[in-house]
Every structure is written in C-alpha cells, then in structure tokens.
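Hi,

Here is the structure I promised to pass on.

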Amino acid sequence: MAVSDSEISEIVTGLSAKPKQISPKYFYDERGSQLFDAITELPEYYLTNTELGIMRDNIDEIVSMVGKQASLIEFGSGSSLKTRVLLQHLSELAAYVPVDISDEHLHASAEAIRSEFPHIDTLPVVADFTKQFDLPTPMVMPVRNVVYFPGSTIGNFEHDLAMELLRVMHHEAGKNGALLIGVDLQKDPEIIEAAYNDSVGVTAEFNLNMLQHLNRDYGANFDVSEFEHSANYDSDIGRVVIELISRTDQTFEIGDNAFDIGDGEAILTEYSHKYTLDGFAAMAKAAGFAVRKVWMDADQLFSVQFLTRS
Ligand code: SAH
Ligand code: AVI
C-alpha cells in the first residue's frame with residue numbers, strides 16, 4: 001500500500017511515546033509475511049498446527065454451523081492456510097473475501113486460492129481492518145456473512161482495541177452474521193515463551209524486519225544490527241510482550257523526525273494476549289457476540305470458537 005501521511009504520523013506518535021512503540025501491522029511487508037509463514041512451520045510455534053488440527057477434527061460441525069451460501073470474510077488472511085481446510089468442505093459458498101494489509105502477499109495468495117478453487121468467487125481486499133473498509137459485492141447474494149479471524153490475531157490487540165475490532169467484525173457480519181475465530185489460551189509459560197523465542201531465530205528476524213520495512217518504505221534509517229529481539233510472557237496479564245531492545249545509545253530518523261534511544265531501551269512492537277475461555281467470552285459479550293461453540297485440542301492449548309450476534 002502507498003505510504004500515507006497518517007501512517008507516518010502514527011509511527012512518529014508511537015516513537016514519541018513512553019515506552020516507544022510501533023504497531024505490529026508494520027511487521028507485514030512482503031518479507032514480513034514470508035517470515036510469518038516461516039514462523040508457522042517452527043516446531044515451537046504450536047499455534048498454527050494446533051489450530052489446523054482443531055479445524056480438521058471438527059470440520060463437519062464447523063461447516064454445518066457456517067451454513068450454505070455464506071460469504072466468508074477473512075480478517076488478516078495472510079497465506080490463507082487454514083482457510084483451505086474450510087474451502088475444501090464449504091461446497092456452497094457465495095464468496096470468499098480475504099482482507100489483509102500486506103498487498104503483494106494478499107494478491108499472490110488470492111491467485112493461488114483462485115486456481116485451487118476456481119468455483120469460488122474470491123474477492124481480495126487490501127485494507128487496514130482496524131479502520132472502516134468497503135466490502136465487495138459478490139456475484140451471488142450471500143445468505144449471511146461469516147467473519148473468519150484465525151491465528152489468534154485478536155491477541156495482538158490490547159483490550160480496548162480488541163473490543164473495537166470485535167465491534168467492527170460485528171458490524172461486517174451484519175444481521176444473522178457470525179464470527180469464526182481462533183483464540184490462543186493461557187498455559188504453561190515455558191510453552192508460550194518458547195513459541196516466541198525459537199531456537200533458529202526466525203521470530204527475531206521477523207521482529208527486526210519491522211525496522212527494515214520502515215527503512216525501505218517509510219524513510220527511516222534504523223541501524224538494524226544495533227537492536228535485538230526480546231519476548232517475555234507476563235503471566236499476571238496473560239500476554240507476551242515483544243520488543244526490540246537498543247544495544248547502544250543511538251539516534252535514528254524517520255523523515256525529518258529524529259529520535260534518541262538509550263542503551264537497553266525498548267521499542268514495543270507487539271503484544272500477544274493469551275485468554276481464558278471465560279475472559280474471551282466476556283469480551284465477546286461486551287462486543288455484542290454470544291459464544292455458541294468452542295472446539296479445543298486435547299491439551300487445551302488453543303481454541304476455535306463460533307460466535308453469533310447476541
Ligand atoms: N490468518 C493467518 C495469518 C496471521 S498473521 C494465520 O492465521 O496464519 C496476521 C495477518 O494479519 C498478516 O497476514 C498481516 O498482514 C495481517 N494484518 C495485521 N494487521 C493488520 C491490519 N491492521 N489490517 C489488515 N491486515 C493486518
Ligand atoms: C499474528 N499473530 C497472531 C502472531 C502471534 O503469535 O501473536 C504474530 C507473531 N509474533 C511473533 N510470532 C508470531
């Protein structure tokens with residue numbers, strides 16, 4: 001997507017705050033999307049395989065709850081990996097609408113979906129899903145909209161923003177719409193910390209790529225070698241705090257804006273919240289949804305949940 005003044009001012013505002021922060025949406029340029037795909041294949045990153053297993057084990061029930069002639073609107077579709085399980089079984093779908101901010105990656109993924117599922121009306125939308133965006137009109141009038149939000153991407157938003165996003169999805173789902181969502185659960189902190197500190201360093205590269213993305217596309221001049229990846233689980237709050245730590249006292253610029261950062265000072269790049277079933281249900285209820293069904297793996301690491309408007 002073309003760089004906008006509002007994005008620059010959002011980045012500058014975040015870096016002027018204490019602590020410094022940059023929204024996780026800036027992870028996802030083409031390289032960031034590829035690195036995220038590599039993360040999903042790491043043995044430590046239990047989220048993707050566990051969610052895929054839950055989808056496969058319960059696909060008949062999931063498909064019957066989605067119903068016929070729905071429009072499936074996926075927020076943050078990435079490579080549409082888990083969606084393929086759904087698309088293989090949802091024989092009568094009015095449309096598939098993948099929505100993502102990473103435009104080249106989205107278009108390449110949508111092309112792949114079109115060739116694998118030529119009978120499905122695939123209508124990609126490049127958008128920041130935290131802001132209002134228009135949905136395309138499918139060729140066939142859908143009976144209902146089902147918003148699909150896998151991967152526990154909801155966890156990358158702090159409580160108030162997650163609520164706002166659930167309200168956006170409530171709106172996009174429309175009357176008699178539903179939400180099918182992947183929600184990662186609280187568990188042994190060691191399992192969680194390993195998932196965000198993998199032994200081959202892909203997550204570190206993913207985190208550091210955010211600075212490269214800002215250098216490439218937003219006129220920044222970070223010395224990437226002078227930052228290091230950090231991820232720690234805060235079990236009181238139930239979230240992983242992902243940061244880039246400066247290795248030295250240094251200055252960097254974004255366009256005309258200069259920033260000082262001290263040795264050991266952090267830039268917060270992401271939270272990844274882990275939920276209890278009750279905690280997530282309360283949040284969903286406050287956004288106007290009722291949880292109708294929760295599917296989990298045997299170890300209760302992860303959940304896939306079906307919600308309707310209450
Ligand atoms: N759903 C996939 C990908 C998850 S990674 C899965 O479960 O594996 C998160 C995805 O959300 C990325 O593809 C990223 O580009 C997209 N994304 C993150 N923030 C976004 C935003 N604000 N608007 C639109 N897409 C966003
Ligand atoms: C996209 N999102 C759900 C990932 C997560 O697990 O919070 C992003 C990620 N960050 C580091 N590793 C993966």
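This is a predicted model: local features need pLDDT of at least 70, side-chain atom pairs count only at pLDDT 80 or more; totals for chains, interfaces and linings use all residues.

With eight of its eight residues buried, β8 (residues 239-246) is largely enclosed by the rest of the structure.

What does β8 pair with? One partner is β7 (residues 227-234), joined to β8 in the antiparallel sense over eight bridges. Another partner is β11 (residues 266-273), which runs antiparallel to β8 with seven bridges between them. On that side, Glu243 stands opposite Leu268 in β11.

**A hairpin with an uncovered face**

Gln250, Phe252 and Ile254 make up a covered face, while Thr251 and Glu253 make up an uncovered one. β9 is joined to β10 (residues 257-261) by five bridges, and the two run antiparallel. Glu253, from the uncovered face, stands opposite Ala258 in β10. The two strands form a hairpin with two residues between them, and Gly255 in the turn has a positive phi of about 55°.

**Strand β6**

Is β6 (residues 178-184) buried or exposed? Seven of its seven residues are buried, so the strand is largely enclosed by the rest of the structure. Ala178, Leu180, Gly182 and Asp184 sit on one covered side, and Leu179, Ile181 and Val183 on the other.

β6 pairs with β5 (residues 144-149), parallel to it, through four bridges. Val146 stands opposite Ala178 in β6. To get from β5 to β6 the chain passes through helix α7 (residues 159-173), and this β-α-β crossover is right-handed. β6 also pairs with β13 (residues 302-309), this time in the antiparallel sense and over seven bridges. There, Gly182 stands opposite Val304 in β13.

**Two helices side by side**

How do α2 (residues 30-40) and α9 (residues 202-217) cross? Their axes come within 9 Å and cross at roughly 175°. That makes α2 roughly antiparallel to α9, since an angle over 145 degrees counts as such. On the α2 side the contact is made by Arg31, Gly32, Leu35, Phe36, Ala38 and Ile39, and they meet Val202, Thr203, Glu205, Phe206, Asn209 and Arg216 in α9. By type, the residues of this contact divide into six nonpolar, three polar and three charged.

While you are in α9, take a look at His213, which is in that helix. His213 counts as buried, at 6% relative accessibility. Leaving out residues up to four places away in sequence, His213 touches Tyr26, Tyr28, Asp29 and Tyr218.

**Backbone spots to check**

Most residues other than glycine have a negative phi, and most peptide bonds are trans. So which places go the other way?

- The peptide bond from Lys18 to Pro19 is cis, with omega near -5°. Pro19 lies in the loop between α1 (5-16) and β1 (20-21).
- Ser80 is not a glycine, yet has a positive phi, near 55°. You will find Ser80 in the loop between β2 (70-75) and α5 (81-89). Ser80 is buried, with a relative accessible area of 2%.
- Ser152 also has a positive phi, near 60°. At 3% relative accessibility, Ser152 counts as buried.

That is what I have for now.

Cheers

How values were computed:
Residues are numbered from 1 along each chain as its sequence is written. Chains are lettered from A and ligands numbered from 1 in the order in which they are written. Side-chain values use heavy atoms; hydrogens and water are left out. Axes are lines fitted to C-alpha atoms, for helices over the stretch in contact, and angles run from 0 to 180 degrees between N-to-C directions. Angles under 35 degrees count as roughly parallel, over 145 as roughly antiparallel, 65 to 115 as roughly perpendicular and the rest as oblique. Contact means heavy atoms within 4.5 Å. Ala, Val, Leu, Ile, Met, Phe, Trp, Tyr, Cys and Pro count as nonpolar, Asp, Glu, Lys and Arg as charged, and the others, Gly among them, as polar. Buried means under 20% relative accessible area, exposed over 50%, partly exposed in between (1.4 Å probe, protein chains only). Two strands pair if DSSP finds at least two bridges between them. A crossover is right-handed if, with the strands pointing away from the viewer, the path from the first strand over the helix to the second runs clockwise.
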